[in-house]
Amino acid sequence: MIELKNVTKTYKMGEETIYALKNVNLKIKKGEFVSIMGPSGSGKSTMLNIIGCLDKPTEGEVYIDNILINKLDDDELTKIRRDKIGFVFQQFNLIPVLTALENVELPLIFKYRNSMSKEERKKRALECLKMAELDERFANHRPNQLSGGQQQRVAIARALANNPPIILADEPTGALDSKTGEKIMKLLKKLNESGKTIVVVTHDINVAKFGDRIIYLKDGEIEKEEYLK
Ligand code: ADP
């Protein structure tokens, strides 16, 4: 589902070249749940950005769902992101003036414009809120009327809207207390069991343990991998 082949990412800082990723090889199968761990600066965000087609490697090849993304232009990358990947962030990144339901409807508006009726769109958004286990009575609440855990459920529902095969989550529990964080991880696990391929970046070993495999990054390289099942 996801493959990085000899991927290197460098940044130029004046005279210096910083290697954010060094010759990384990684395959993630369809339906796998992978956690990426490592200290600050080890390349976790860079790796997630490259998998998420938000950034391209300096060298090497990246395949998403068997599509080589290196040569795609910005419009094509946008389409891959829209159709193949749902993003979940630490700070939820919901639009504050929109209700929970409207936040989930947004990706559907971008994808379908006027080819999906309002009723259909609302129905799909409600289905996604249900999959994210947010009670329907919160659908018309705005983010500031919801708890952190509820906001993350809305963000997960939004990530599910276009039914992408892959969910990428960057520190999804980082802004939550441990009990709420655990509930969010259980939800991600459930989505994984329903067939989604999931990649989570985290500092927290208790979060990483929800994965089938933990990849440890150090100085831009895969230091070790641990299989949990
Ligand atoms: P992590 O997510 O594990 O903290 P990052 O992927 O953010 O690590 O960063 C890896 C390395 O690349 C760090 O040394 C960081 O300073 C550097 N880096 C990341 N993004 C940039 C950038 N846009 N410009 C310059 N250096 C960067």
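## Ligand shell and salt bridges

Strands β1 and β2 (16-28) and helix α1 (44-51) each supply at least two residues of the shell around the ligand. Helices (H or I, at least four residues) and strands (E, at least two) are DSSP runs, numbered from the N terminus. This is a predicted model, where local features need pLDDT of at least 70, side-chain atom pairs count only at pLDDT 80 or more, and totals for chains, interfaces and linings use all residues. Residues are numbered from 1 along each chain as its sequence is written, and side-chain values use heavy atoms, with hydrogens and water left out.

**The ligand**

Helix α1 gives the most to the shell, with three residues. The residues around the ligand include Tyr11, Met13, Ile18, Lys44 and Thr46. The shell divides into five nonpolar residues, six polar and one charged.

A backbone N or O atom of glycine 41 lies 2.6 Å from a ligand oxygen. For serine 42, a backbone N or O atom lies 3.1 Å from a ligand oxygen. A polar backbone atom of glycine 43 is 3.1 Å from an oxygen atom of the ligand. On its own, the ligand has 570 Å² of accessible area, and the protein covers 64% of that. Accessible areas come from the Shrake-Rupley method with a 1.4 Å probe; for residues, only the protein chains shown count as cover.

**Salt bridges**

A salt bridge is a side-chain nitrogen of Lys or Arg within 4 Å of a carboxyl oxygen of Asp or Glu. By this rule the count comes to 14. Three of them are listed here.

| Pair | N to O distance |
|---|---|
| Aspartate 83 and lysine 111 | 3.1 Å |
| Glutamate 127 and lysine 123 | 4.0 Å |
| Lysine 189 and aspartate 212 | 3.3 Å |

Aspartate 83 lies in helix α2 (residues 74-84) and lysine 111 in helix α3 (residues 100-112), so this pair ties together parts that are 28 residues apart in sequence. Glutamate 127 and lysine 123 are both in helix α4 (residues 118-131), four residues apart, so about one helical turn separates them.

Are lysine 189 and aspartate 212 buried or exposed? Lysine 189 is buried, with a relative accessible area of 17%. Aspartate 212 also counts as buried, at 8% relative accessibility. Buried means under 20% relative accessible area, exposed over 50%, and partly exposed in between (1.4 Å probe, protein chains only). By contrast, lysine 123 counts as exposed, at 56%.

How values were computed
A residue is near a molecule or strand if one of its heavy atoms lies within 4 Å of it. A polar contact is a pair of N or O atoms within 3.5 Å; within protein, one must be able to donate a hydrogen and the other to accept it, and residues adjacent in sequence count only if both atoms are side-chain atoms. Ala, Val, Leu, Ile, Met, Phe, Trp, Tyr, Cys and Pro count as nonpolar, Asp, Glu, Lys and Arg as charged, and the others, Gly among them, as polar.
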